[in-house]
Amino acid sequence: MASISIQHLYKRYGKEKQPVVSDFHLDIEDKEFLVFVGPSGCGKSTTLRMIAGLEDISEGEVYIGSQLVNHLPPKDRDIAMVFQNYALYPNMSVYENIAFGLRLRKQPRHEIDLAVRRAARVLEIEPYLNRKPKELSGGQRQRVALGRAIVRNPSVFLMDEPLSNLDAKLRVQMRMELIHLHKTLGATFIYVTHDQIEAMTMADRIVVMKDGVIQQIGTPEAVYMTPSNRFVASFIGSPGINFIEGKITDGPDGRLHFTTNRFSLPVAKDTAEMLKRHNKVDRRVTLGVRPEHVGPEGLYSESVFTAVFKVSELMGADRFLHLDIGQDRLLVARVDAHYRCEENERLRIVIDMSKALFFEPDSGERLA
Amino acid sequence: MLHFLWKRRRSKLNRMDGFQKLLTLLLSVLAVFMLLPIVYIFNHAFKPYHELFVYPPTFFVREPSFQNVNELLAVTSRSTVPMIRYLFNSVFVSTLAVILVTGISALCAYPLSKHRFPGAGFVFAAILLTLMFAPEVVQIPRYLVVSELGIMNTYFAHLLPLIAMPIGVFLLKQFMDQIPDSLLEAARIDGASEFTVFLRIAVPVCMPAIATVAILAFQNAWGNVETSSLFMFDEEMKTFSFFLSTLTSNLANNVAMQGAAAAAALIMFVPNLVVFVILQGKVIATMAHSGIK
């Protein structure tokens, strides 16, 4: 089993000046489940492929265990990879697909047979061992791809959006199975996805990336509750966080207020001190508030303002209200599914200001 | 059965619209037209002499006989070298040519398609350029090359002009372009060397294209008379197609031997047909995407 150390990694294509991956620096612990998440084209797959040895490293170093692997071919890195399109060998049966890696490593025939059957049992694909990949459904192919990875018992698993070709229900099921697999195998997992829900549900730590640069590294809780900047805050969480532009002012009651043209909300005590420390009084800031911290009056005593109800989305247990707060800005609130209101009704809305986040309006950095 | 077909046709999903009907009709007519020479070859070979020279010529044989085949056998038994020797040469050269052409074309197409190296574009452009030359143009330089290499009158001279087949490289390269890179990467991570990736993954996935190239290579080699007439001095080194062409070459206004020529034409044609029928299933079968969603 192995930890991975990635030191100031860069990837440039040809003579382009702008690197695709820029100063990627990260230590991954042994047996960790790490998820790279970010919008498409953010360099997460490229980073994974550099760890796998499928892309050349332009600058920087990658260590697996204590060994520098920059110039090691993929087969000598003790890794397995699961691809988005599964990449099953179409000319071989499921059995041969899983056994291929072991055969190339010249393992004895009976050991291969044992290993393939054990992997097939774990993944419940035993009945399909003699079929060709094209005779399998998407979920079954996914399991074969996983089987091909686990049968070699590598110390690192690399997964490049392995669930994105599955339907929604199967994806949820496979997510749980992957978590279970990670616990049973006790190997290091690096998982690439653009789906923040996958990242939140599976990761020990999340690496949020944008334009080839790491935005934040942290546990799912940390990334969700204390995002380092506006990008992370908006990328993680569904529905997305609400941003409101405004100004910090001294209120008549002697407390700091977050003020817009339409309303003024008192800032919580701790936050007020932080804002003073950053010298933000009478300056512009961006307020970030998660939909679950916005709701109809009655939840929180202070910080009430009015908004016009526009649309509601019922999600089963929750209902998302889209509220017009003036100047063509919509605020999303997460409320109980039983909540009812009329279209264009004026609602008294409260925000839990103790959970509010403040960001620099220009750089987007969170004030902390 | 007819009722079932009728019902099927009536189903709205399967019903052809006017344009499709027109296309089907046109293509059917074209297919029959393309089939005519083949039907003619088969019928002609079994026509007795009085039918061969009937005016106006008939398409179908009325009194089939083996007279022509017997004549051909009689002619060949009079030749200095037994026919079996010509046949051996042809089979030997054609088999080797198919193996070498498919092998070399695939080995050439794989790096052009799946590896980036300096000059790849130039190499591919050069290969495509050679497609533009008519075979007659290169006959003299080819003779010089073969003669300078000192391989005249050997099997190498039969094979050398055939094994570089630009159209084969082109077909295989285009086909390999469709193989997802992740398939090859998965194999590399599984521990395969580059040659194993080529042999165990790329080649099996490209089987349809390889079958197509094999058909072309076989037809090219089987019907080839050029190498026998230019590079071979000894009769026992020449191929069957050359031998048959000598039988039929001076027959323009001749009555004698027309029957043998008709039988020879059939014998030359049948292997082409057999190879095509065997391999055509492959051509239509497995696509590179079958293991990929």
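Good morning. I begin in chain A, where strand β4, residues 59-64, and strand β5 pair in the antiparallel sense over two bridges. Strands are DSSP runs of E with at least two residues, helices are DSSP runs of H or I with at least four residues, and both are numbered from the N terminus. Two strands are said to pair if DSSP finds at least two bridges between them.

Before I continue, please note that this is a predicted model, in which local features need pLDDT of at least 70 and side-chain atom pairs count only at pLDDT 80 or more, while totals for chains, interfaces and linings use all residues. Residues are numbered from 1 along each chain as its sequence is written, and chains are lettered from A and ligands numbered from 1 in the order in which they are written.

Let us return to the sheet. To count as a contact, two residues must have their C-beta atoms, placed from the backbone, within 7 Å.

Two further pairings complete this description. β1(A) and β4(A) run antiparallel and are joined by five bridges, with A:S5 opposite A:Y63 in β4(A). β1(A) also pairs with β2(A), in the antiparallel sense, over five bridges; there A:L9 stands opposite A:F24 in β2(A).

One residue of β1(A) deserves attention. A:H8 lies in this strand and has a positive phi of about 45 degrees, although it is not a glycine. Is A:H8 buried or exposed? With 11 C-beta neighbours inside 10 Å, A:H8 counts as exposed. The rule is that a residue is buried if 20 or more other C-beta atoms lie within 10 Å of its own, exposed if 12 or fewer, and partly exposed in between, with C-beta atoms placed from the backbone.

A:E161 also has a positive phi of about 45 degrees and is not a glycine. A:E161 is found in the loop between β7 (156-160) and α5 (168-185) of chain A, and is buried, with 20 other C-beta atoms within 10 Å.

Now consider A:S228, in the loop between α7 (220-225) and α8 (230-235) of chain A. This serine is buried, because 20 other C-beta atoms lie within 10 Å. Although A:S228 and A:E365 are 137 residues apart along the chain, their C-alpha atoms are separated by 6.2 Å. Leaving aside residues up to four places away in sequence, A:S228 touches A:Q215, A:Q216 and A:R366.

I turn to chain B, which has 15 helices and zero strands. Of its 293 residues, 30% count as buried. A cis peptide bond joins B:Y55 and B:P56, with omega about -5 degrees; B:P56 lies in the loop between α3 (49-52) and α4 (67-78) of chain B.

Two packed helices are described by the angle between their axes and the distance between the axes. Helix α6 (residues 120-130) and helix α9 (residues 166-177) of chain B pack at an angle of about 130 degrees, with their axes 8 Å apart. Axes are lines fitted to C-alpha atoms, for helices over the stretch in contact, and angles run from 0 to 180 degrees between N-to-C directions. α6(B) and α9(B) are therefore oblique to each other. Angles under 35 degrees count as roughly parallel, over 145 as roughly antiparallel, 65 to 115 as roughly perpendicular, and the rest as oblique. The contact is made by B:I127, B:L128 and B:T130 of α6(B) and by B:P166, B:V169 and B:F170 of α9(B).

Finally, how many residues does each chain bring to the contact between chains? Chain B gives 19 residues and chain A gives 24 residues. On the side of chain B that touches chain A, α10 (181-190) and α11 (194-205) of chain B each supply at least two residues. The largest share of that side, seven residues, comes from α10(B). Thank you for your attention.
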